[in-house]
Amino acid sequence: MTSHYPSLSFWNPRLPIAAFLFSLFLSVSIKGQQPVFNQFTIEDGLPSNETYMVMEDDQGFLWISTDHGIARFDGYGFEVLTESDGLSDNSILGTYKDYQGRIWFYSFSRRLSYLDGDSIRLFHTQDALYKPKVVITSMHVGKDGTVWLGNKSISRNFLLKGEPGGGYTLVDPEDTLVSAIKLLEDGGLIYSGSYRSDELLVDDKGTTYRYRFESINEDQSQKTELAVLQLRNGELLIVSRYQVVKYHNGIFTPVSYIEWRNNLGLLEDRSGNIWVALEGGGVLVYRKGDFSRPPEQLLEGTRVSHIEQDREGGIWLSTLEQGVFYMASQSLLALDSKRFFDGDRLEDILAGGRKLIVTSSQGNAYGIEVKPDQSLMIDRENVANTNLVLRGIYSDSLAIMFHTSRDNNPPMYIPYGIFPLRQLQPAEAYDFPRMLNRLSDSTHLASLHGFAGVFNTPKLQFDTISDLASKKPWFSAAAVGDTFWFSDRFSLWSYSNGAMAEWRDWTGYHPFFDHRMEQLESSGNRLYIASKSRGLVIKEGGKVWNIGKKDGLLSDICNHIEIDSDGDVWVCTNEGLSRIVFPPNDAKPKIINYSGVTSLISNQVHKVAIIDDTLIFALSEQGISIINKKQLDLEPIPPLVYITDILVNDQKTTVQELDLSYEQRSISVRFTGLSYRFAGKLRYRYRLLGLDTIWRNTTARQIDYAELAPGAYTFQVQVENAFGLTSEAYASGSFQIHPPIWQRWWFRLLIGAALVTMIFLVVNYQLNKVRNENRLKLAYLESEQKALRVQITPHFIFNSINSILGLITEHKNEKAKLGLAHFARLMRMVLQLSEHRSVVLSEELEAMQLYLNLERLRFDEQFQYQINVDPAIDPDFVELPPMVIQPYVENAIKHGLNHKLEGSKTVDLDFALENDVLVVSIRDNGIGRAASRAIQEKERIKRSGKGMKISEERIRILNETLKTEMEIKVTDLYDDQGHASGTLVVIRFPQNEEL
C-alpha cells in the first residue's frame with residue numbers, strides 16, 4: 001500500500017535576506033483541506049490497476065471490479081476471482097447487490113454471473129446482449145426475479161428486461177431518441193436520456209415526466225451522459241454535462257449550471273457532502289451539498305470511475321489507471337515533507353496563536369500561519385551550518401527562541417512574527433535557557449547550567465530559583481499549584497517553599513521513575529510524565545498510575561505529550577498518536593488512536609502542536625499530519641468479525657461437514673475483523689467452549705487446535721479496534737467430534753453384552769470344567785474302588801487260602817508260611833497303593849512279584865514268569881498308576897496259560913523307556929484269545945472281564961483328567977504255522993508331571 005498526497009496551489013515566492021547570514025525565504029499558501037489517500041495497486045494484491053467500481057456488501061466486504069477479475073477485500077488482503085472460479089468474463093465492469101444479498105457481476109462481454117453462497121453461477125443470456133460496442137451501464141433485480149439492464153452503444157442507450165425464466169425483452173424498441181440508462185430501487189424508477197440530446201425522461205411509477213437541460217455550449221455533437229443519485233432526504237439528484245437538477249414528485253428544480261466533462265459517478269456521504277467523479281478530472285466535493293460554493297478538487301488529473309463510502313465512513317475511489325484510493329477520514333490532512341519541506345527530515349515543532357514554527361535536521365526553519373479559513377501559509381528561512389532546537393514560545397506574536405548545537409553559533413530569537421530571526425547579543429545569550437516550560441505569557445520555568453529558575457521573556461532575563469549542588473542539567477519542568485517539578489530524565493525533583501528535594505526521598509521509591517522520563521506537563525492538580533517505557537505516567541497528589549499499551553495506548557514508548565484546552569492529552573508514540581479523554585466523573589479514560597492506517601504520514605510521531613484548540617499538528621520525520629478535532633468524522637463504529645474458514649486436518653470444509661469423525665480432530669479456525677480504518681491494528685479475543693471458557697487475546701487471524709478430544713465445541717471470537725470499540729456480537733462456529741467406535745454407546749453396549757456373554761461362557765465353561773473334573777474324579781474314585789475290589793478277586797483269595805490250607809494239611813509248613821506271608825504282604829500293599837494316584841515302578845514290581853508268586857503257588861507252580869526292566873530305567877523315579885498291570889497279568893494266567901495242556905507256561909513282563917514313555921509289555925505263551933473265548937462259550941462260562949474293563953476305564957479317566965495319552969494295545973501272537981502262540985499286551989505310560 002502506497003501513500004498519495006494531492007498537489008497544492010502555491011503563492012509566488014518572495015526572497016528577503018536576513019541581516020546576519022544568507023537566507024532563502026519562501027512563502028506558499030495551501031487552500032482548503034487536503035486529505036490523505038492510501039493507494040492500493042497490483043503491488044498490494046489487486047489483479048489490475050484498471051478498476052471500474054467498488055461496492056461494499058451486506059457483510060462489510062469490499063468488491064472491486066477490474067479488467068482482470070473481481071477482487072474481494074477484507075482490509076488485510078485481496079481474494080481474486082476469475083473465469084476459472086465461474087465468472088462469465090475476467091473484465092468485470094460493475095457489481096450489484098440484490099434484495100436477496102446475492103452479488104451480481106456484469107462483464108465487458110455483456111454476460112451476467114452472480115455469487116450464490118460460495119458458488120458463482122451464470123445467468124441466462126441472449127443475442128440482444130451481443131451487439132457490437134454495447135456496454136452494460138447499470139442493473140436492477142426485482143423481487144419477482146426480473147433482471148433489468150441499462151445499456152449504451154454508439155448509437156443510443158436502451159433497456160433490456162431479463163425474464164426470470166430466460167430471455168430478454170427490449171423496452172420501447174420504437175423510441176430511438178429516448179431510452180433508459182439508469183434504474184433505481186425505489187418504486188422501479190427509470191431515468192432516461194436521449195442520444196445527442198439534453199432531454200431527460202423519468203418514468204415514475206407509470207407516469208412519464210420530461211425535462212430538457214439548458215445548454216451552456218451550443219455544440220451538440222457530443223452525447224449527454226447522465227448520473228442519478230437518490231439523496232438521503234428522498235430527492236433525486238440528476239447531473240448532466242451542463243446542469244444539476246433535483247427531482248421530487250414530478251417537479252424538476254435546477255440547482256446549478258456548470259460545464260463538466262463526462263461524470264462517472266455520484267455519492268452523498270454521511271455528512272451530506274456530494275462527491276462527483278469526473279473522467280479525467282479527479283473528484284469534486286461539494287460540502288454539505290452546496291453547489292453554490294466552489295467545490296474542492298481531489299486527485300486532479302486522475303481518471304476516477306466510481307465512488308463508494310463504507311460503513312465506517314471511509315471513501316473509496318476506483319480509477320481506470322491507478323488502482324483504488326482510500327481516504328479513511330476527511331478530517332485528517334497532511335503536509336508531506338517531500339512536497340512542502342524540500343524533503344527535509346523534520347525534528348521539532350512549536351505553536352503560538354495561529355502560527356507554528358518547524359525546524360529540520362538540515363538547518364531550515366519553517367513558519368506556518370493558519371488563516372481564518374484554515375488554509376495554511378508556509379514561510380521558510382534557511383540558517384546555514386546550524387542544527388536548530390526549539391526552546392520556547394511566548395505569546396500570540398510567536399516569539400520563539402532557538403538554540404544551536406554548535407558553540408560558535410550563538411542563540412537566536414524571533415521577537416515578532418515568524419521571520420526574520422534575530423541573533424542574541426552576548427549578554428542575552430548568557431542567560432539563554434536550555435529548558436523552558438511556559439507558565440504564562442511572560443514567565444517560564446527554565447534551567448541554565450544546572451540552575452533552576454524563572455525566565456522573564458519580555459526582558460530575556462533568567463532569575464535563579466536554587467543553586468543545586470549537583471548542578472543537574474534539567475531536561476523538563478512543569479508547575480502544579482505552588483510546586484515546581486523538574487526532571488533530569490531519570491529522577492523527579494520538586495521545588496516548594498524555597499526547598500528543592502528529590503521526590504523519592506520523601507515519598508519512597510516508585511518503579512515508574514526508574515525509567516527515562518521524556519517530558520513533564522501539568523493540567524489542574526495532575527502532573528503528566530511522558531515515559532520511554534511506561535507510556536503516560538500520571539501523578540495526582542500521592543497517587544501515581546500509568547496508562548500504557550495494556551490500557552489501549554498504541555505503545556509504551558512515549559515521545560511527547562500535549563494537553564489541549566479540553567484537558568485531552570495527546571500522546572506521541574512510536575506507533576502513532578493517541579488521544580486520551582478523561583471523563584469528569586473519574587471514569588475510565590477513553591483512548592482514541594490514530595496510526596498510519598488512519599492517514600497519519602508516519603507512525604513515528606515525535607511531537608504535537610495545537611492551534612486554536614482545534615487543529616492538531618503531529619510531527620514526524622516524513623511530514624506533518626493535521627487532525628481537525630472539531631470536524632472529526634462520525635462517531636467510530638464497532639468493527640465486524642467473521643469466521644471465514646474452518647479447516648479440518650488442514651483441509652477446508654463447509655458447515656455441512658462439521659459433523660466430524662474421531663480421525664478429524666485437528667481443527668484450525670480462520671477469522672477476520674472488518675475495519676478498513678484499523679486493518680492490521682485489530683486485536684481479537686477468542687475461546688473454544690467445550691475445551692474451556694477463558695477468553696484469550698491475539699492479533700493472529702488463525703487459531704489451531706491439535707487432537708481435540710471427542711465432544712461438542714463452539715468457537716467464539718470478537719474483535720477490538722484501536723478506538724477500543726469491540727464488535728457488538730461475536731462470530732461463532734460449532735462442530736461435533738464423534739468419539740471413536742470403541743467409545744460410542746452402542747459399541748460399549750455391544751462390548752458390554754459381549755463381555756457379559758463371555759463372562760457367562762467362561763463361568764459356564766469353568767463350571768462345566770469343574771463339574772467334569774468332579775465327574776472324572778468321582779469316576780476315578782469309583783474306578784479305583786472297583787479296581788480295588790477286583791485287583792485281588794474273591795476267587796483268588798479263596799483259592800489262595802485253600803492252597804495255603806492244603807499245604808498245611810500236607811505238612812508243608814514252610815511253603816504254607818511263605819504263601820501266607822506273601823498273601824499278607826500283597827494285601828497290605830494293595831491297600832497302600834490304592835490310596836495314591838501313581839506309584840513308582842519299584843513298588844509296582846514288588847506287588848506284581850507277590851501276586852505272581854501267589855498265583856504260582858495256587859497253580860502248583862505250573863507256570864513260570866520273568867520280569868525284565870531296562871537298565872536305563874530308574875525304578876524309583878518312573879511312575880505309573882497303581883495296579884493297572886495286574887488285571888492283564890491275571891487274564892494271561894487264567895485264560896491263556898490255565899487252559900494250555902502241553903508245553904511250558906510262561907508270562908514275561910518287560911519294562912522299557914521310550915522318549916519319556918514307559919512301555920510295559922505282558923507276553924504269555926498261552927492258547928490265545930480266540931481259543932479261550934471258544935472254551936468259555938463251550939463251557940458256557942460267563943465272565944465279565946471286569947478287571948480289564950475297569951483298567952481300561954481307569955486309563956480313559958486318567959487321560960481326560962491328566963491330559964495324558966496312556967494307551968493299551970492287545971495283539972494275538974502266532975507261530976510260523978499260523979497257530980496261536982499267546983497274547984501280547986502293550987501298555988504305554990507317558991511320564992506326565994500330573995501323574
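Begin by selecting Glu 321 and Arg 303, whose side chains meet in a salt bridge with 3.2 Å from N to O; keep in mind as you look that this is a predicted model. The pair links distant parts of the chain, with Glu 321 in the loop between β29 (315-319) and β30 (324-327), and Arg 303, 18 residues apart from it, in the loop between β27 (296-298) and β28 (304-309). Glu 321 has a relative accessible area of 47% and is therefore partly exposed, and Arg 303, at 29% relative accessibility, also counts as partly exposed.

Next, select Asp 58 and Lys 97, which form a salt bridge whose closest N and O atoms are 3.1 Å apart. Asp 58 lies in the loop between β4 (51-56) and β5 (62-66), while Lys 97 is in strand β8 (residues 92-97), so the pair ties together parts that are 39 residues apart in sequence. Is Asp 58 buried or exposed? At 56% relative accessibility, Asp 58 counts as exposed, whereas Lys 97, at 30%, counts as partly exposed.

For another salt bridge, select Glu 347 and Arg 345, where the N to O distance is 3.5 Å. Glu 347 is partly exposed, with a relative accessible area of 36%, and Arg 345 is partly exposed as well, with 40%. The structure as a whole holds 25 salt bridges.

Now turn to the cysteines. How many disulfides does a search of the whole structure find? The search finds zero. Select Cys 558, which is in no disulfide and has the sulfur of Cys 572 as its nearest cysteine sulfur, 7.2 Å away.

Select Ser 256 next, which is found in strand β23 (residues 251-257) and counts as buried at 11% relative accessibility. If you leave aside the neighbours within four places in sequence, the residues in contact with Ser 256 are Tyr 242, Gln 243, Val 244 and Phe 291.

The last stop is the interior. In soluble globular proteins, nonpolar side chains tend to be buried together. The largest nonpolar core here has 41 residues, and those with the most contacts inside it are Ile 885, Val 889, Leu 909 and Ile 922. Among the elements that give two or more residues to this core are the helices α5 (794-809), α6 (813-833) and α7 (841-858), together with the strands β71 (906-913) and β72 (917-924); the largest share, eight residues, comes from α7. Select Ile 922 and, again leaving aside its neighbours within four places in sequence, look for its contacts, including Ile 885, Tyr 888, Val 889, Leu 909 and Leu 984. To finish, move to a second, separate core of 38 residues, which includes Ile 627, Tyr 684, Tyr 705 and Leu 708.

Note on methods:
Residues are numbered from 1 along each chain as its sequence is written. This is a predicted model: local features need pLDDT of at least 70, side-chain atom pairs count only at pLDDT 80 or more; totals for chains, interfaces and linings use all residues. Side-chain values use heavy atoms; hydrogens and water are left out. A nonpolar core is a set of buried Ala, Val, Leu, Ile, Met, Phe, Trp, Tyr and Cys residues joined through side-chain atoms within 4.5 Å. Buried means under 20% relative accessible area, exposed over 50%, partly exposed in between (1.4 Å probe, protein chains only). Helices (H or I, at least four residues) and strands (E, at least two) are DSSP runs, numbered from the N terminus. Contact means heavy atoms within 4.5 Å. A salt bridge is a side-chain nitrogen of Lys or Arg within 4 Å of a carboxyl oxygen of Asp or Glu. A disulfide is a pair of cysteine sulfur atoms within 2.5 Å.
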